[in-house]
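Me: I would like to go through a protein model with you, one topic at a time. Could you show it first?

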Amino acid sequence: MKSLLIAALVAVTPLPPLQPELLHAAIADLEHPVVTAAQLRVAGPAGRWYGAEGVAEQGRPVRPDDRFRIGSVTKVFVATVALQLVAERRLGLDTKVRHYLPDLPETIDAVTVGQLLNHTSGIPNEVGYPDLSTPEKVLAHRYDQWTPEQLRALVPATEPKFEAGTKQEYRGINYLLATMIIEKVTGHDLAQEVDKRIARPLGLTRTYVPGRNETKIRGSHVHGYLNVPGQGLVDVSDYNSSRAHGEGDMVSTTGDLTRFIAALFYGRLVRKDLLEKMFTVPKVSMVDGSPASYATGLQTFTINGVEVWGKTGEWYGFNAGMFSTRDGQRRIAYSFTPTVRDSSQQLMTLRIANAVTSPAADRP
């Protein structure tokens, strides 16, 4: 009965059948980019597949339940909690951010909560953040511990980059501030709210928000490495992610991510009218003039004629993604561990995107 109800609520998109050889090829090339491990899970009524390559750590292959850092995929969880609070009338999307966080500079008084969530805030760039432009500098700061208040204080009292709501610029600070508002409204930290509202109800036993003092990934996990000049590959799995609170600090698995996005898109977590905001891209341009592609919590792209919604994420030594067709017929979660943090990571992301949407005619 439940599956029939879900089928009635969503419009089914015709999708090409999965091609296992293409899916495997997408993650099998560990040299372009150079990665130590890769895994891909495809779920949903339109086909299922799981594969992994490389090693989680020296001498051990990747297991399906191995955790990894999901980077900015965290933002989807934060947006989900925020919209739940809107449904409970404890948070207002049109309410000014400084109503909740009055210590922010008056120069951004016009910014609303909704503009944080869809990246149209125009908040000026933070000032005073450490330089992390090289692997050596990343290692030097890997155990730095930040409080949300310290991060908030990096927002300068200068004019906004643009008038709120008129352009879109993807910024982590938007979700740090949104998380601080969630914590102020609920009286609980984000970890408690994600666990209570999402992880426990859905049985996501491998998903969590790290504590501010945590550096190690709990339980069995994939290790991430950076290629450091003069040192070779350095394991950077242990890292204090407090500087990315609410914008990129969470840990999960491919199985948990595909279950989460199914529940989200099928309306189990967010009220229907509010869920629509996650699929509504503002009618503005990005700051570089390209079309906006971010909604509330989600981003969208179309490849091989298939439109998907979800989120990519990066962390030092880790790259992850979670996407689905809007009807939930095809859901994708992946993780790989690049040893260099540069644009070459897109090679594997594009291979995965092509493989999960490739028409049957492209079969080699």
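Me: What kind of model is it, and how are residues numbered?
Reply: This is a predicted model, in which local features need pLDDT of at least 70 and side-chain atom pairs count only at pLDDT 80 or more, while totals for chains, interfaces and linings use all residues. Residues are numbered from 1 along each chain as its sequence is written, and side-chain values use heavy atoms, with hydrogens and water left out.

Me: At what angle do H3 and H9 cross?
Reply: The axes of helix H3 (residues 74-87) and helix H9 (residues 190-202) cross at roughly 75° and come within 10 Å. Helices (H or I, at least four residues) and strands (E, at least two) are DSSP runs, numbered from the N terminus. Axes are lines fitted to C-alpha atoms, for helices over the stretch in contact, and angles run from 0 to 180 degrees between N-to-C directions.

Me: So what is their arrangement called?
Reply: H3 and H9 are therefore roughly perpendicular to each other (angles under 35 degrees count as roughly parallel, over 145 as roughly antiparallel, 65 to 115 as roughly perpendicular and the rest as oblique).

Me: Which residues meet there?
Reply: In H3, Phe77, Val78, Thr80, Val81, Gln84 and Leu85 meet Leu190, Glu193, Val194, Arg197 and Ile198 of H9; contact means heavy atoms within 4.5 Å.

Me: And which residues of H3 meet H10?
Reply: Val76, Phe77 and Thr80 in H3 meet Leu257, Phe260 and Leu264 in H10. The axes of H3 and helix H10 (residues 254-265) come within 12 Å, crossing at roughly 35°.

Me: New topic: which residues lie nearest the centre of the largest pocket?
Reply: Ser72, Lys75, Tyr170, Glu314 and Arg341 lie nearest its centre, out of 35 lining residues. On a 1 Å grid over the protein atoms alone, a pocket is an open set of points where a 1.4 Å probe fits, with protein on both sides within 12 Å along at least five of seven lines; lining residues have an atom within 4 Å of a point.

Me: Which element gives the largest share of that lining?
Reply: E11 gives the largest share of the lining of the largest pocket, 5 residues.

Me: Finally, where is the cis peptide bond?
Reply: It joins His32 and Pro33, with omega about 0°. Pro33 is in the loop between helix H2 (20-28) and strand E1 (35-43).

Me: And what is phi of Arg89?
Reply: Phi of Arg89 is near 60°, a positive value in a residue other than glycine. Arg89 is in the loop between H3 and helix H4 (97-100).
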